[in-house]
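Colleague: I would like to learn how to read a ligand site and a few side-chain features in a model. Could we take them one at a time?

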Amino acid sequence: MARPEAPAREGPEPPKGPATADTRPRGAPAGPALELGRRYTTADLGVFTTEEASRFLPQGSGDPQNDLILAWELLYRLEPELYDRLAGAERLHPGIVGWLPCDVDRIAEVGAGTGRLTMELIGRGQHVVAVEPARPMRLILERKLAAADHGHRARVVHGFFDQLPLPDDSADLVVACSAFTPAAGHGGETGLAEMERVCRPGGCVAILWPNHLGWLAARGYTYVSFPGPMSVEFGSYADAVELAEVFFPRAAGEVRRLGRRMVPFEVLGINPPRDLAFKVLAG
Ligand SMILES: C[S@@+](CC[C@H](N)C(=O)[O-])C[C@H]1O[C@@H](n2cnc3c(N)ncnc32)[C@H](O)[C@@H]1O
């Protein structure tokens, strides 16, 4: 979303702990990292291609300091490794991965990013197409696939939800993880219709870590959620502090106070990636 859904996932403000030197455990970074909402300026908008600008700047301009969704899109292009560190820490509930069919021929994923889900899909499908518009994200994903068992099963291609570069009925499973929203620039009616066009009759379209459940339910999607406590698994305590300062600034004080690398999702104020909405197309 952008990680377009991210702002909508924000819950009530978590309790704020003091971010002073006195409370900072050893290993925490010294200075605060610049939060996502202040990280980029209008001067960065030039990174968008014409195609990207038509979706993310439909009025012709925008300000990432007033539009978090736009800031996410800039992140994907300007600091994709930073996004990858976050996505690596926000691991999907094992129930989601287990729910996916484990032996299908053709899978299409849209908004694949740096491959949080793609790297699971190559163990489940013989032929995976990962559609991703942001070139810097594609490069990271291609690098990961080149080093992975079964990496050759995936092909990474440029494309957008509303114009998928894939034939009708060409996949048994069509998925998007933390990428689809009802907004036109990030899916919308056209994007959902495109995912269903690409899916064969009797195949399954699945939106992982969905927002806007009512919108999907009204279009025939069934909701599934997997229970249990979930934490964001940062690489280290220093990573937890740095990434919280960028992505969850309201929770950064509490992350410092906790002094651990594992931080419950509720502390960060976001819903855990424990759910999905799916539809089996008429056969
Ligand atoms: C939050 S990231 C999720 C990436 C990955 N699926 C994951 O789970 O980490 C959202 C992704 O959707 C992509 N995206 C944004 N707008 C899109 C569009 N209109 N069509 C397809 N993908 C889009 C972004 O480039 C980004 O890679």
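Colleague: Which polar backbone atom lies 2.9 Å from a nitrogen atom of the ligand, that is, to which residue does it belong?

Modeller: Before the answer, a word on the source: this is a predicted model, in which local features need pLDDT of at least 70 and side-chain atom pairs count only at pLDDT 80 or more, while totals for chains, interfaces and linings use all residues. Residues are numbered from 1 along each chain as its sequence is written, and side-chain values use heavy atoms, with hydrogens and water left out. A polar contact is a pair of N or O atoms within 3.5 Å; within protein, one must be able to donate a hydrogen and the other to accept it, and residues adjacent in sequence count only if both atoms are side-chain atoms. Here the backbone atom belongs to Phe-161.

Colleague: How is Glu-233 placed, and which side chain does its own side chain contact?

Modeller: Strands (E, at least two residues) and helices (H or I, at least four) are DSSP runs numbered from the N terminus, and Glu-233 belongs to strand E7, residues 231-233. Its side chain makes a polar contact of 3.3 Å with the side chain of Arg-91. Buried means under 20% relative accessible area, exposed over 50%, and partly exposed in between (1.4 Å probe, protein chains only); Glu-233, at 28%, is therefore partly exposed.

Colleague: How many aromatic pairs does a search of the whole structure find?

Modeller: Rings of Phe, Tyr and Trp (its six-membered ring) pair if their centres lie within 6.5 Å, and planes under 30 degrees apart count as stacked, over 60 as edge-to-face and the rest as tilted. The search finds seven pairs, among them Phe-48 and Phe-56, tilted at 50 degrees with centres 5.7 Å apart. Phe-48 is buried at 9% relative accessibility, and Phe-56 is buried at 10%. Trp-99 and Phe-278 are also a tilted pair, because their planes stand at 55 degrees, with centres 5.1 Å apart. Trp-99 lies in helix H6 (residues 94-99) and Phe-278 in strand E9 (residues 275-280), so this pair ties together parts 179 residues apart in sequence.
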